[in-house]
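Here are some friendly notes for a colleague opening this structure for the first time.

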Amino acid sequence: MTPLLQVEDIAKYYGTRIGCTDVSFDLYPGEVMGIVGESGSGKSTLLNTLAGHLTPDRGAVRFDTRADGLRDTVTMSEPERRMLSRTDWAFVHQHARDGLRMNVSAGGNVGERLMAVGARHYGKIRATASDWLGRVEINEDRIDDRPASFSGGMQQRLQIARNLVTGPRLVFMDEPTGGLDVSVQARLLDLLRNLVREMGLSAIIVTHDLAVVRLLADRLMVMKDGHVVESGLTDQVLDDPQHGYTQLLVSSVLQV
Amino acid sequence: MTQIEQDKNAPDTVMSDYNFAYLDEQTKRMIRRAILKSLAIPGYQVPFASREMPMPYGWGTGGVQVSAAVLTPDDTLKVIDQGADDTTNAVSIRRFFEKTAGVAVTEATAEASIIQTRHRIPEAELREDQVLVYQVPIPEPLRFLEPSEVETRKMHELEEYGLMHVKLYEDIAQHGAIATAYAYPVKVEGRYVMDPSPIPKFDNPKLEMAAIQLFGAGREQRIYALPPHTQVVSLDFEDYPFEASKADHPCGLCGAEDSYLDELIVDDEGGRLFMCSDTDYCAARQAVGHRGSDASPTLEGVA
Amino acid sequence: MIRVENVSKSFTLHNQGAAVIPVMSGGELSVAKGECVALTGASGAGKSTLMRMIYGNYLTAAGRIMVGDLDVARASPREILMLRRHVLGYVSQFLRVVPRVATLDVVAEPLRAVGRSEAEARDRARELLAQLNIPERLWQLSPTTFSGGEQQRVNIARGFAHPYPVLLLDEPTASLDATNRATVLALIEEAKARGTAILGIFHDEAARKQICDREVDVTRFTPGMAA
């Protein structure tokens, strides 16, 4: 089986400071991988490097493209990479306003990716947008409202719909439940889990919330100071952490 | 006409003795290079070092600089604002070039070799030996949805124009039809999406013409162009096709049914008059005897 | 179906002076098809540790743990995930689910994960929930709000939804009343009859006597406790 994403020896420096280094892993279709670590551990740098937002100083990020199989996205041309990020890839930002157009209606936000890949039939675009609003539990009569009038949880769900409408195969998520109320988080997690299963999505989720990765991620990578200190099955890493930092991380979570 | 004749003979036309058409030759060369580049890449916005002009931004500084760079002493200049030769903006730009270049001026579209315009394309069909210069406020069609210049340039580079349709989508979602009535976005030669300046969308089909079209944005420091007979397609949806609309009336003065109309409130009872926005077109029709339903002596006074 | 050979395990507590605590050495056991084996030994002897090593959420330091054809001690995360999805079931004492997900979906999930249709998965879930006396009015609610006994039964329903060839049971009858206990034991008998290899921890001695074919005392594998 070909991995969907093959990351080989990725390093990203900010001057002499390490962003992240020595990162390698394979992600297979349908797998969800969590990346945890404290602020400044390099997890967001890694995510942005994998998603093509930052250029790594070393290494390869190979993606199993539909047309040509595994291709290194670091060295592919920018138009190709941007096309990938509009079609087979998706990126869910922590702050919905970074991932949404706040002055465009909910329907327009969802429809943008369709129009970006050539959809030119208003009626069909609108029908698809409406269907997706339903799938992320946003009432369809809100289709013409701007996201500014939405709650935080709704904005985040809208961002997910906007990203998934073109049927991507790989989703990058940066703290998707950060800044949301606990009850809203649960709803979002449930939604994400169902979408991941229904669409057979692969996902890489960066978070500092261990409960989120336990529920969403099949595999887990723990980062500290730009290095991966431990990785494995999510419940194995959380139940039997090997590295001192992971042990500290796991034992620091308050039990409720 | 008599007004113009007088100005032409006024003593201060000697301003052209300093330098022809206000701008120094180095500046004109710089602008001409930008124009040549813009003609080579139809629809692409070429940056240029826009100069301070003796008029405020928004009064056509971009168009004036382009006109100054293409004017020769043999040219005949026509200036229109919303189709009219006699509005403040048109009159002052025409006088500016009379003083600084000493060129001949005209109100007759057919007689002009260079026509500077704000917000209209003349009704009369333009010829290959004519140049149409547009005054452009905001050259970037993607600007209202994407505030970052870096990002919009990237979008042009990579032909990522989905966002343009988002704007049209929003129109239909809010108004039930594409409500954009002017500055209606077009795609040039299947490549660049371009803002045709705030002309009414009624004029969009005329963008495919024999004359050279130059667009100058002074404040935004951009020049772009359409060479003769360039393919220009108005963006739309399959189920909401582009429509070049105008007020559903004939001209009250000349009776024309094919021209773009201005609406004029003529009294306190809500009485309205529709008349050609292209004053030269309307006057020429009236001169050969065409009459509209409102063409009474009193209304002529108002117009 | 399960073959544990000479396994050992220790915990290193990096944040407590790097103390190394050996918890198992020389662990050996096997469970055949259709067999039910009970792990016994005092609390802390390592029953749950061994179960978790077999399930793959504790790492194994040395030795082999064969489940079917896969050596869990050496398998990649992806292989273990596939094993858990299709071959190896686990009923733990604790219910761990996404809050807000309906009980019916919690129970149906393992079937959907192996590609069964929504309708089929839900039918089986309904059948199990009814069998385990979870009132129907609770099916659309999240089990996170249920009582301990109810949660335990939801957990069992979930564990038995898909007919795993290998099943690990951690105190399946704890905190159940007599009726439900009988139902659970019947489910286990059924699974055995199907050929399922079962390894479990049963503090309930009567239950152990009723369903288990053999007992393995893990004290033998506990460093410093072996007789």
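1. Two strands pair if DSSP finds at least two bridges between them. Please keep in mind as you read that this is a predicted model. With that in hand, look at strand 1 of chain A, residues 5-14, and strand 4 of chain A, residues 58-65: they pair in the antiparallel sense over five bridges. At one of these positions, Leu5(A) stands opposite Phe63(A) of strand 4 of chain A.

2. Strand 1 of chain A also pairs with strand 2 of chain A (residues 17-27), again in the antiparallel sense, and here there are seven bridges. Leu5(A) turns up again, with Leu27(A) as its bridge partner in strand 2 of chain A. These two strands make a hairpin with two residues between them, and in that hairpin Gly15(A) takes a positive phi near 65 degrees.

3. Moving to chain B, you will find an open sheet of seven strands in the order 1-9-8-5-4-2-3, with mixed pairing. Strand 1 (46-47) and strand 3 (104-105) of chain B stand at the edges with a single partner strand each, so one side of each has no neighbour in the sheet. Strands of a sheet pair through backbone hydrogen bonds, either parallel or antiparallel.

4. Within that sheet, strand 8 of chain B (residues 212-217) and strand 9 of chain B (residues 222-226) are worth a look. Five bridges join strand 8 of chain B and strand 9 of chain B in the antiparallel sense. Gln213(B) has Leu226(B) as its bridge partner in strand 9 of chain B.

5. How is chain B divided into domains? The assignment gives domain 1, covering 3-142 + 180-234, and domain 2, covering 261-302. Taken over C-alpha atoms, the centres of domain 1 of chain B and domain 2 of chain B are 27 Å apart. In the contact, 12 residues of domain 1 of chain B meet six residues of domain 2 of chain B.

6. The two domains of chain B bury about 610 Å² between them, with 40% of it on carbon and sulfur atoms. On the side of domain 1 of chain B, Gly83(B), Arg120(B) and Glu123(B) supply 46% of the area buried against domain 2 of chain B, more than any other three residues. The rule finds zero salt bridges between domain 1 of chain B and domain 2 of chain B, while six residue pairs there are in polar contact. The side of domain 1 of chain B that touches domain 2 of chain B has four nonpolar, three polar and five charged residues.

7. Now for the chains against one another, beginning with A and B. Their contact takes 22 residues from chain A and 22 residues from chain B, and the two chains bury about 2,000 Å² between them, 55% of it on carbon and sulfur atoms. In chain A, the residues losing the most area to chain B are Arg82(A), Arg120(A) and Tyr122(A), together 37% of what that side buries.

8. How many salt bridges are there between chain A and chain B? The count is five, and one of the salt bridges joins Lys154(B) to Glu78(A), with the closest N and O atoms 2.8 Å apart. Chain A and chain B also have 14 residue pairs in polar contact. Helix 2 (78-86), helix 4 (106-116) and helix 5 (122-135) of chain A each supply at least two residues of the side that touches chain B; helix 4 of chain A has the largest share, five residues.

9. Between chain A and chain C, the contact takes 26 residues from chain A and 24 residues from chain C. About 2,200 Å² is buried between chain A and chain C, 53% of it on carbon and sulfur atoms. Arg197(A), Leu233(A) and Asp240(A) supply 25% of the area that chain A buries against chain C, more than any other three residues.

10. Four salt bridges cross the interface of chain A and chain C; one of them links the side chains of Arg193(A) and Glu109(C) at 2.7 Å, N to O. There are 10 residue pairs in polar contact between chain A and chain C. Helix 7 of chain A gives the most to the side of chain A that touches chain C, with seven residues. By class, that side of chain A divides into seven nonpolar, seven polar and 12 charged residues.

Terms used:
Residues numbered from 1 in each chain as written. Chains lettered and ligands numbered in written order. Predicted model: local features only at pLDDT ≥ 70, side-chain atom pairs only at ≥ 80, totals over all residues. Heavy atoms only, no water. Domains from an automatic or database assignment. Contact = heavy atoms within 4.5 Å. Buried area = accessible area lost by both parts, 1.4 Å probe. Polar contact = N/O pair within 3.5 Å; in protein donor to acceptor, adjacent residues only side chain to side chain. Nonpolar A, V, L, I, M, F, W, Y, C, P; charged D, E, K, R; others polar. Helix = DSSP H or I, 4+ residues; strand = E, 2+ residues; numbered from the N terminus.
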